[in-house]
Amino acid sequence: MWEVYRRENSQYRFKEERIKDVRSTSARKRQKQLRGQEIIPGIRVQIQPNGCMICTWAKRSDGYAIKGTKINGKTKSFYGHRLVREDKLGRPVKPGYFAGHNCYDRDCINPDHLWEGTPADNSRDAERKKPLSLRSRLDMP
């Protein structure tokens, strides 16, 4: 009884073009919409009015875009800004060096906003970017 009703119902839905195949009553799966533009394979961004390209990957608690991938059974994490900088340079960032940001946005991966520098360069840049209110509090005895 149930099978007859199900078959008749599916044939009716097929005639009404609500399903494509009489044998299948399951709904069609919607294709996933990708957000943003792809700047290098696998890295998509949303472009901001100020020129920053915000990575659509997951963000760490400190604001950096990160992607975890299994390699030989172990999970390896990659920072989006570092991968984009390496892609622009055409080589890996030198060991012990940083991929720094000219802008104040940690999840920005615009290649024009990124630079390669030493840990000392990175510290000077971080000091320069601190808000004035925080700098004045730290300088006071």
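Three strands are arranged as an open sheet in the order β1-β2-β3, with antiparallel pairing; strands (E, at least two residues) and helices (H or I, at least four) are DSSP runs numbered from the N terminus, and two strands pair if DSSP finds at least two bridges between them. Between β2 and β3 the antiparallel pairing extends over three bridges, and Val45 has Cys55 in β3 as its bridge partner.

The model is predicted, so that local features need pLDDT of at least 70 and side-chain atom pairs count only at pLDDT 80 or more, whereas totals for chains, interfaces and linings use all residues. Residues are numbered from 1 along each chain as its sequence is written, and side-chain values use heavy atoms, with hydrogens and water left out.

A second open sheet of three strands has the order β4-β5-β6, again with antiparallel pairing. In this sheet β4 and β6 stand at the edges, each with a single partner strand, so one side of each is left without a neighbour. Two bridges join β4 to β5, and Ala58 stands opposite Ile66 in β5. Six bridges connect β5 (residues 65–71) with β6 (residues 74–79), which run antiparallel; Thr69 has Lys76 in β6 as its bridge partner. The hairpin of β5 and β6 has two residues between the strands, and Asn72 takes a positive phi near 55° there. Helix α2 also lies across β5 and β6, running at about 70° to β6.

The largest nonpolar core comprises 10 residues, namely Ile40, Ile43, Val45, Met53, Cys55, Trp57, Ala65, Val84, Ile109 and Leu114. Such a core is a set of buried Ala, Val, Leu, Ile, Met, Phe, Trp, Tyr and Cys residues joined through side-chain atoms within 4.5 Å, buried meaning under 20% relative accessible area, exposed over 50% and partly exposed in between (1.4 Å probe, protein chains only). At least two residues of this core come from each of β2 (43–47) and β3 (53–55). Apart from neighbours within four places in sequence, Ala65 is in contact with Cys55, Trp57, Ala58, Lys59, Phe78, Tyr79, Gly80 and Asp107.

A search of the whole structure finds one aromatic pair. The ring centres of Tyr64 and Tyr79 are 6.0 Å apart and their planes stand at 85°, so the pair is edge-to-face; rings of Phe, Tyr and Trp (its six-membered ring) pair if their centres lie within 6.5 Å, with planes under 30 degrees apart counted as stacked, over 60 as edge-to-face and the rest as tilted. Because Tyr64 lies in the loop between β4 (58–59) and β5 and Tyr79 in strand β6, the pair ties together parts that are 15 residues apart in sequence. Tyr79 counts as partly exposed, at 28% relative accessibility.

Overall, the chain has four helices and eight strands, and buried residues make up 23% of its 141 residues.

Methods
Contact means heavy atoms within 4.5 Å. Axes are lines fitted to C-alpha atoms, for helices over the stretch in contact, and angles run from 0 to 180 degrees between N-to-C directions.
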